[in-house]
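Colleague: Could you walk me through this model slowly? I am new to this.
Modeller: Gladly, ask whatever comes to mind.

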Amino acid sequence: MYGPPQAPQPPKSPASGGLIALRVLFAALPLLSCGFLAWAPLLRLAIVTRRALDWVLCGLAFAAGAALFSYAAATGDKEGSTLEAFVGVGTITVLAAGSVTYYLVAEIRHFERRRTAPGQVPPPYGPIGHGYGADGAAVTVPSPVGRPNPYTSAPPPEPPVQTPQPPTAPRIEQVRAELDELSDLLRKNHPEGEDRR
């Protein structure tokens with residue numbers, strides 16, 4: 001209510017609360033399922049981006065998860081060697097971490113490209129105005145380049161250039177009267193018959 005005017009709130013970007021919640025959920029699925037659901041974030045990514053590469057990676061992750069699950073089910077009662085344990089745990093870790101990393105990087109890039117696509121207005125860079133830093137000092141946030149600041153007034157219009165006006169009739173009459181007075185005064189002081197030297 002008091003103080004400098006506040007900038008209007010920027011429109012919500014694609015990374016709003018719902019999208020962040022989905023990213024967290026799909027990133028947690030492979031980790032919480034020990035890598036068996038590593039295909040789930042890749043499936044979401046393939047649906048969002050509609051790229052063939054993402055569909056292929058989703059299929060490969062599903063096949064690897066199914067193979068790991070089948071192997072674990074088939075050898076569940078048998079005691080395996082240390083090498084088998086290292087290979088199994090390593091495969092699960094690489095599958096889970098790789099799918100989460102690829103999913104997050106690819107989805108964030110996809111939404112960034114969509115947000116800054118040609119023909120769309122780029123998002124605002126933050127509020128314009130005054131704020132306070134961590135030390136309590138006032139901080140001015142500059143407006144982004146190329147965007148007009150709505151809180152500055154337009155420069156005042158320049159006054160029109162005044163061209164000299166031609167003398168009007170009353171002014172001409174006044175000058176004529178003054179010249180007549182001057183000539184009368186000169187005639188009185190210097191009569192025509194006097195010799196001038």
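Colleague: Which residues in helix 2 meet which residues in helix 3?
Modeller: W39, L42, L43, L45, A46, I47 and T49 in helix 2 meet D54, W55, L57, C58, A61 and F62 in helix 3, where contact means heavy atoms within 4.5 Å. This is a predicted model, in which local features need pLDDT of at least 70, side-chain atom pairs count only at pLDDT 80 or more, and totals for chains, interfaces and linings use all residues. Residues are numbered from 1 along each chain as its sequence is written, and side-chain values use heavy atoms, with hydrogens and water left out.

Colleague: How does that contact divide by class?
Modeller: The contact of helix 2 with helix 3 has 11 nonpolar, one polar and one charged residues; Ala, Val, Leu, Ile, Met, Phe, Trp, Tyr, Cys and Pro count as nonpolar, Asp, Glu, Lys and Arg as charged, and the others, Gly among them, as polar.

Colleague: At what angle do helix 2 and helix 3 pack?
Modeller: Helix 2 (residues 39-49) and helix 3 pack at about 165°, with their axes 8 Å apart; axes are lines fitted to C-alpha atoms, for helices over the stretch in contact, and angles run from 0 to 180 degrees between N-to-C directions. Helices here are DSSP runs (H or I, at least four residues), numbered from the N terminus. Helix 2 and helix 3 are therefore roughly antiparallel to each other, a term for angles over 145 degrees.

Colleague: And what about helix 1 and helix 4, how do they cross?
Modeller: The axes of helix 1 (residues 17-32) and helix 4 (residues 82-115) come within 8 Å and cross at roughly 160°, so helix 1 and helix 4 are also described as roughly antiparallel. Among the residues of helix 1 in this contact are L19, F26 and P30, while those of helix 4 include V100, L104 and F111. The residues of the contact of helix 1 with helix 4 divide into 12 nonpolar, one polar and two charged.

Colleague: What is the angle between helix 3 and helix 4?
Modeller: Helix 3 and helix 4 pack at about 150°, with their axes 11 Å apart. That makes helix 3 roughly antiparallel to helix 4.

Note on methods
Helix = DSSP H or I, 4+ residues; strand = E, 2+ residues; numbered from the N terminus. Parallel < 35°, antiparallel > 145°, perpendicular 65-115°, else oblique.
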